[in-house]
Amino acid sequence: MDSKPKKRTVVENGDTGEDLVLATLIGNGEDVGPIVRHAFEMGRPEALLQQLKSFVKKKEIEIEDLCKTHYEDFILAVDELRGVLVDAEELKSELASDNFRLQEVGYALLTKLEELLESYSVKKNVSEAIKLSEICVQVLELCVKCNNHMPEDQFYPALKTVEMIESRCLQNIPMKVLRMAIENTIPVIKTHIEKKVTSQFNEWLVHIRSSAKDIGQMAIGRLASTRQRDEKMLDHQRKAEEQNKLGSGDVLFTLDIEDVDEDSMLKFDLIPLYRAYHIHACLGIQEHFREYYYENRMLQLSSDLQVSYSQPFIESYQTYFAHIAGYFIVEDRVMRTAGGLLSSDQLETMWEITVTKITSTLEEQFSHMDSATHLLLVKDYVTLLGATLRQYGFEMNQIFNLLDNTRDKYHDLLLAECREQIINVIANDTYEQMVMKKDTDYENNVLSFHLQTSDIMPAFPYIAPFSSMVPDTCRVVRSFIKGSVDYLSYGVHTQFFDTVRKYLDKILIDVLNEAILTTVQSSAIGVSQAMQIAANISVLERACDFFLRHSAQLCGIPIRSVERPQAVLTAKVMLKTSRDEAYLSLLNLVNIKLDEFMALTENINWIAEEASQNVSDYVNEVLIYLDSILSTAQQILPMDALYKVGSGALEHISYSFVSAFLSDSVKRFNANAVLVLSNDLMILENFADERFHGTGLSEVYREVSFKDCLIEARQLINLLSSSQPENFMNPVIRQKNYNTLDYKKVATVCEKFKDSADGIFGSLSNRNTKQSAKKKSMDTLKKRLKDFN
């Protein structure tokens, strides 16, 4: 048994390569299907079958050899197996006996063990059931809590509860049905919350749009009140400075400061917006809400920027601009407090669109306006809008430039309105001196425009040197200055005094001066009207200084800067020219009236036989007229104007005397007529001297007098009355006594002079030596003048 015979190798002589391949495949347990298929395809199944049989036979030989080799070992193994079988039977019997005894002993314990195991199983199941139940109860409590929040619109707690269910509880729910139900309900809850919050937000959009007007009006109203307080304070300051300048007392300035919190005054509810944005952020769709908010607010802005044509713009402009102000006050608050809901770029885009639209709207509306008041009202409100929104960082330079470009149109409209007012004032003027019965009238009509010539309050009733036209036109001009300053204030330029001054000159020259000149040049005025107009112009010249100072005060310019000589208005020079023209018109009217009184060719008997010793009738009328003219002129005209009126009238009288001698209707005259005219002229000279000294002109004009204005007539009459008229040709004597006489005029007059009367016996009358010498001298003069000419 110890030696094992070697394995016999049987090799059939007929083995081929294919047999070896087949044997290898079968030995390795591989599939022989391909070889079988190949054999059938080749049509040689018999060869394959023969190979298989040969392989089986070979294996049987190997088995047989193997059994022969281990036969002895096999017999020994069988013997040992039988011994083992006997031992096994004995062991089996013992085990059965032991098992029976064990069964008897452990049956009770086994029963108890089974009961214990069953109890442990129940306990485990109960514990798991309790744990799962607690999870379900916790989830259900959260669901109930969420359900309680929903009806009360407490969406944020509801979302936080849902988030807690999703993150902590949902995956731990043991019941698939419950878990699926909750999973399906959560999106529904979120969608409901989104719709509900969006609905509330839409309601807020409607509410905030309707509230924008009130918000804007409140903000603009606050700024307007502040501006009014500032203007009132400046007005009090100006009045105090004027009183101080006049020395009326000390000046006390007080400054009232009111600290007002802007946000505390402008209260509007943004909580629905904050809540909606926060809820959408919790839902993870805050970007969607940002876009939704921006689009809706842009739509509202587009609607608010549309001008309503159902009513005139002048009636709706405050509402229009208040809406815009309220809109951007809200948006500024949203940008600052809503945590990124609105970006600064988006707000800037909104503002650029608004500025462009407002500019185009104002351009269109201004082009249709024909009232300076309407233009000023809109401009003031626009500047209030700009100042209000500037507090929130919004600039309106483009709009302010438009307002600045519209100033010419505004002033043209204002000039047209003032022209109509001034024309009405002049047309309704009575050209009578104003009578002021009390101090309030004096303050309103004189002191208000610095027209007083003395700081002493006059006695009442006070008769002013001007008519009602002066204070009335001053009020119109003052209102023009106020309107001009109001329009130019709070605009692009902070220094606009030069512009106000330009327009002030324009109204004084193109409107007031033109209206006065039109009146002066008309044929409807008389002497009293012309004199009053001249007096009024003199007063208006002084008022120009007040207008300039008043403009400087309203513009915030120091008064001392406009009190320099070079700062005088051009209109003052123009008014002075108009005053001179008014004087000329007055003198023309006076001269025309004097011509009616004098009419020397009709009133004088040029060939009287005897010289009358009585004053001619026309002289009394001329004296009465001159006295009334000079008396009135002394009351209302300045001294230089009084001198011009008096001297002009007397020069015209002198001219009338000379013209009478030169008149074609006077063919000849004699010494008696010369004597009468000499007496008349003497009375006029005495009157001229008396009035010259009585009016105080002698203290001003020391080198001339009214009497000098009659010098030409006096020299002519003296020449005709002279005993040696031929001395006129003596240069020395002529320069001393006849320097105003013209050769041609003297020659013409002398040709008409006859030294005897045209009586019946005139040619036969006796002539004394003196008359003969005078006639001879006159003839010599005539001859020499004829030769000279």
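The largest cavity is lined by Lys379, Phe400, Leu403, Asp404, Arg407, Tyr487, Leu488, Gly491, Val492, His493 and Phe496. The model is predicted: local features need pLDDT of at least 70 and side-chain atom pairs count only at pLDDT 80 or more, while totals for chains, interfaces and linings use all residues. Residues are numbered from 1 along each chain as its sequence is written, and side-chain values use heavy atoms, with hydrogens and water left out.

**The largest cavity**

- A search of the whole structure finds 4 cavities of 30 Å³ or more, and the largest cavity holds about 100 Å³ of space.
- On a 1 Å grid over the protein atoms alone, a cavity is a set of points where a 1.4 Å probe fits but cannot get out, and lining residues have an atom within 4 Å of a point.
- Grid points are joined across faces, edges and corners, and a volume is the space filled by probe spheres set on the points.
- The helices α13 and α16 each supply at least two residues of this lining, and α13 gives the largest share, 3 residues.
- Helices (H or I, at least four residues) and strands (E, at least two) are DSSP runs, numbered from the N terminus.
- By class, the lining has 6 nonpolar, 2 polar and 3 charged residues.
- Ala, Val, Leu, Ile, Met, Phe, Trp, Tyr, Cys and Pro count as nonpolar, Asp, Glu, Lys and Arg as charged, and the others, Gly among them, as polar.

- In helix α13 (residues 397-405), the buried residues are Ile399, Phe400, Leu402, Leu403 and Asp404.
- Buried means under 20% relative accessible area, exposed over 50%, and partly exposed in between (1.4 Å probe, protein chains only).
- These buried residues of α13 pack against α11 (344-368), α12 (372-390), α14 (407-427) and α16 (469-488).

**The packing of α12 and α16**

- Two packed helices are described by the angle between their axes and the distance between the axes.
- For α12 and α16, the angle is about 35° and the axes are 9 Å apart.
- Axes are lines fitted to C-alpha atoms, for helices over the stretch in contact, and angles run from 0 to 180 degrees between N-to-C directions.
- Leu375, Leu376, Lys379 and Asp380 of α12 make the contact with Gly483, Asp486, Tyr487 and Leu488 of α16.
- Contact means heavy atoms within 4.5 Å.
- The residues of this contact comprise 4 nonpolar, 1 polar and 3 charged.

**Loop residues**

- Leu270 lies in the loop between α7 (262-265) and α8 (271-282), and Leu270 is buried, with a relative accessible area of 4%.
- Not counting residues up to four places away in sequence, Leu270 touches Trp204, Val330, Arg333, Val334 and Thr337.
- Although Leu270 and Trp204 are 66 residues apart in sequence, their C-alpha atoms are 8.3 Å apart in space.
- Tyr431, in the loop between α14 and β1 (435-436), has a phi near 55°, a positive value in a residue other than glycine.
- His450, in the loop between α15 and β2, also has a positive phi, near 55°.
- Tyr431 counts as buried at 15% relative accessibility, whereas His450 counts as partly exposed at 30%.
- The peptide bond from Phe460 to Pro461 is cis, with omega near 5°, and Pro461 is in the loop between α15 (439-445) and β2 (462-463).

Technical notes:
On a 1 Å grid over the protein atoms alone, a cavity is a set of points where a 1.4 Å probe fits but cannot get out, and a pocket is an open set with protein on both sides within 12 Å along at least five of seven lines; lining residues have an atom within 4 Å of a point.
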